[in-house]
Amino acid sequence: MVVGNWKMYGNLAWNKTLLESLVEGLRDYRNADYAVCVPTPYLFQAQAVLAGSNIAWGGQNMHQFEGGAFTGSVAPHMLVDFGCSYVIIGHSERRELCYESDPVVAAKFEVAVKVGIKPIFCLGETREEYEAGITEEVVARQLDAVLSRVGPDGLAEGVLAYEPVWAIGTGRGASPAQAQAVHAFIRERIAEQDFEVASHIKILHGGSVRVANAAQLLSMPDIDGALVGNASLVADQFIAICRAAN
Ligand SMILES: O=C[C@H](O)COP(=O)(O)O
C-alpha cells in the first residue's frame with residue numbers, strides 16, 4: 001500500500017494535473033492499494049478525478065467529536081460526505097504543532113472506524129527520543145494508547161504508519177534494517193494481544209521514502225507500504241514508488 005500525504009500543498013490547477021497523471025500512470029498497477037490524502041478543501045476535486053480509478057483518497061486529519069463548536073475543524077462525517085476511504089491520524093506534525101496527545105489520537109482512531117473511514121495511524125519517535133535510545137518505549141506508548149481504547153480488533157480496522165520523526169522531510173530516511181527492526185517490534189507488540197491481527201495489519205513506513213530507497217524498504221518483511229510526503233507531490237516520483245509496491 002502506498003499513500004501520498006500532500007500536507008499543505010496544492011491548488012486547483014496543479015492538483016488536476018497531478019491527479020490525472022497518477023490515474024494514467026497507475027491505471028495498470030492493481031496489485032497494491034494506492035491513496036492520496038489531500039488538504040480538506042480539495043477533497044471534492046480528488047473525489048471527482050479519482051472516482052472509478054484504482055486510487056483512493058482521504059483526509060489528513062479530523063476532529064474526534066462528530067460535531068460541535070470547534071471552529072476550523074473537520075467532523076468525521078464531512079470526510080464521509082466526500083467519499084474518503086482513509087484519514088491520517090496522529091501525524092507527528094500535528095502531535096507537535098497542534099499538541100495532539102495520545103488519548104486524543106486514540107479517540108480520533110475510534111471515531112474514524114465508527115464512521116467507516118480507515119485510519120492511517122502514525123507513530124514514531126523524535127530525534128531526541130531516538131538519540132536517547134527510547135524509540136521502542138515511545139512507539140509502544142503511542143500504540144498502547146490506541147490498543148487500550150479500541151482493542152486489537154479495532155486496531156485491525158486501521159493501517160499503521162511508523163514514521164521516525166527525524167527522517168521526515170530530511171531526505172535522510174531510516175535504513176531498511178533500522179526501519180524493519182521497529183516495524184517488527186510494533187508487529188510483535190500487537191501479536192502479544194492478537195497474533196492474527198498482528199499477522200494481517202498493514203504497517204507502512206514514512207520518512208523520506210523516495211524513488212531511490214522505496215524498493216529496498218518495501219522488500220523488508222514487516223514493511224507493508226509507504227506513507228510518502230515530498231515525493232508524492234511529483235507525479236513521476238510517486239508513480240515510481242507506487243509501482244515498486246505493485
Ligand atoms: O506523511 C508523510 C511523512 O511525513 C513523510 O514525509 P516525507 O516523505 O516528506 O519525509
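Reader: Helices (H or I, at least four residues) and strands (E, at least two) are DSSP runs, numbered from the N terminus, so which helix holds Glu131 and Arg127?

Author: Both residues lie in helix H6, residues 127-131, where they are 4 residues apart, about one turn of the helix. This is a predicted model, in which local features need pLDDT of at least 70 and side-chain atom pairs count only at pLDDT 80 or more, while totals for chains, interfaces and linings use all residues. Residues are numbered from 1 along each chain as its sequence is written, and side-chain values use heavy atoms, with hydrogens and water left out.

Reader: And what do the side chains of Glu131 and Arg127 form?

Author: They meet in a salt bridge, 3.3 Å from N to O (a side-chain nitrogen of Lys or Arg within 4 Å of a carboxyl oxygen of Asp or Glu). Glu131 counts as exposed because its relative accessibility is 58%, whereas Arg127 is partly exposed at 37% (buried means under 20% relative accessible area, exposed over 50%, partly exposed in between, with a 1.4 Å probe and protein chains only). Elsewhere, salt bridges that share partners join Arg94, Glu100 and Lys108 into one network.

Reader: Switching to the ligand, which residues are closest?

Author: Of the 14 residues that surround the ligand, the closest are Lys7, His91, Glu163, Gly169 and Ser208 (a residue counts as near if one of its heavy atoms lies within 4 Å).

Reader: How much of the ligand's accessible area does the protein cover?

Author: The protein covers 99% of the 300 Å² of accessible area that the ligand has on its own, an area that comes from the Shrake-Rupley method with a 1.4 Å probe.

Reader: Last one, where is Ser219 found?

Author: Ser219 sits in the loop between helix H10 (211-218) and strand S8 (225-228), and its C-alpha atom is 8.5 Å from that of Pro176, 43 residues apart along the chain.
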